[in-house]
Amino acid sequence: MSAELTPRTVAPHKERLLWLVAIAFFLQSLDATILNIALPAMAHSLGQSPLKMQSVIVAYSLTTAMLIPASGWIADRFGTRRVFMWAIALFVLGSVLCALSPSLGFLIAARVVQGVGGAMMLPVGRLAVLRSHPKGDFIRAMSFIAIPGQIGPLLGPTLGGWLVEVATWNWIFWINVPVGLFGVWAARRWMPETTWSVPRKFDGLGYALLSFGMVAISVALDGMSGMGLGMALVVVLMVFGLASLASYWMHAMRVPEPLFPPMLFRVRSLRVGLLGNLFARFGTGAAPFLIPLLLQVGLGMAPMNAGMMMLATVLGSMLVKRFAVQTVQYFGYRRVLQVNSVMVALMLASFAWASASQPPWLLLLQLFVFGGFNSMQFSAMNSVTLKDLDGEFASSGNSLLSMVQMLAMGIGVALAGALLSGYADRWITDPDKSLRAIHATFLTVALMTLAATLVFSQLDKDEPVKPAPDGGDA
């Protein structure tokens, strides 16, 4: 018997459904950008070094990366509306726990709860839109949903800086509560309930191998920054993590329905795009964590002023998005990604010379230009990864890309934390050790970003191309 999609209710409120999913997208993008600017204040309140707060970000991104591969199956098994409502509820619960956190350990655990909800919100919401809109309307619908995702980063840094100054860092989490509660109510009213009459089989063993591998490697990298793990345990976790990922690959080649079919990797653009995403985001994924530290800890800016400075990055990103497609059409993917990877690395390296004595306009220009090149990188990378996928591979490829994005961002932040800790220990007697450690870390992640240039050189020869719909800056 073939599995058929069986709608339990008709979806009469398509436009309201779009607004609902857009709210979820806004909630996630706001939370990510508002948190980064508040990390120094959170560190001070919890009695921690601001250079060792990366676990707060890694916990969320790693949890999200773990659950993304299972999100589609969970929605098929339990229904899109039910899962979407629980996802928002868990995100709100995690936000409340974050706001009440008395210690760093409690905060990290609360971010895991928040990540469980976040991992389901957008994929399941996107799935509901896909199933309620004709294929010809899907791109328009997703473009509408993406707009609030751009407003979140525009509002987040300034709002976060303002809340830290006029209230406390706890309020960056409390503001999620009313928006989330409205989302739960709206989902109950407007989201259609769909399930598979015969749920497809879930590759539980493959999922366990893949998840353990990601967690072990990420925790090992985070442990290198002084999370309390001994070096022996770090090495053991790294070895078992790599072994688990290798075992998943062998497992996927012999089971009929793996999480990600090995046939996917026969698509050259997907292989290169995924590896390029991974290496490029080791550097760019660390930037949202490092730049607020540079502004507040290194240059001594107030949270509100730092948030205003961060707006330059968002504005540069939004401006470049307007002509990213035309640029790729004219020059081709390979040339754009090779040159742009070098430019992103150079802009990251330029922050290693930022100082309190330089004119503010110069720092604003650096942030603006970095935001532009970063946006071009994300748009081209996401597009080249998915452009040659169709049919049965489109959904799996999209989920795999989302997982790699979140995993790479978590690893990038974990590596940046380990580098900060190592450089700070090297200059422990230097009164400016924090600024020197931040500068050295920017130089190191810039070098790491250059590795992506080698990967993108494996793309096919440049020719006029039409990019697939932009996957966003996730």
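This is a predicted model: local features need pLDDT of at least 70, side-chain atom pairs count only at pLDDT 80 or more; totals for chains, interfaces and linings use all residues.
**Exercise 1**

Classify the ring pair Phe279 and Phe282, and state whether each residue is buried or partly exposed.

Solution. 

- Start with the total. Rings pair if their centres lie within 6.5 Å. By this rule there are eight aromatic pairs.
- Take Phe279 and Phe282. Their ring centres are 5.8 Å apart, and the planes meet at 70°. Planes over 60 degrees apart count as edge-to-face. The pair is therefore edge-to-face.
- Place the residues. Helix H10 (residues 268-284) holds both Phe279 and Phe282. They are three residues apart, about one turn of the helix.
- Check accessibility. Buried means under 20% relative accessible area. Phe282 has 14%, so Phe282 is buried. Phe279 has 29% and counts as partly exposed.

**Exercise 2**

Classify the ring pair Phe351 and Phe442, then work out which parts of the chain the pair ties together.

Solution. 

- Begin with the geometry. The centre-to-centre distance is 5.3 Å, with 40° between the planes. Planes under 30 degrees apart would be stacked, and over 60 edge-to-face. This pair is tilted.
- Locate each ring. Phe351 sits in the loop between helix H14 (333-350) and helix H15 (360-386). Phe442 belongs to helix H17 (residues 433-456). The pair therefore ties together parts 91 residues apart in sequence.
- Check burial. Phe351 has a relative accessible area of 0%, so Phe351 is buried. Phe442 is also at 0% and counts as buried.
- Look for further partners. Ring pairs join Phe351 and Phe442 with Phe370 in a cluster.

Methods:
Residues are numbered from 1 along each chain as its sequence is written. Side-chain values use heavy atoms; hydrogens and water are left out. Rings of Phe, Tyr and Trp (its six-membered ring) pair if their centres lie within 6.5 Å; planes under 30 degrees apart count as stacked, over 60 as edge-to-face and the rest as tilted. Helices (H or I, at least four residues) and strands (E, at least two) are DSSP runs, numbered from the N terminus. Buried means under 20% relative accessible area, exposed over 50%, partly exposed in between (1.4 Å probe, protein chains only).
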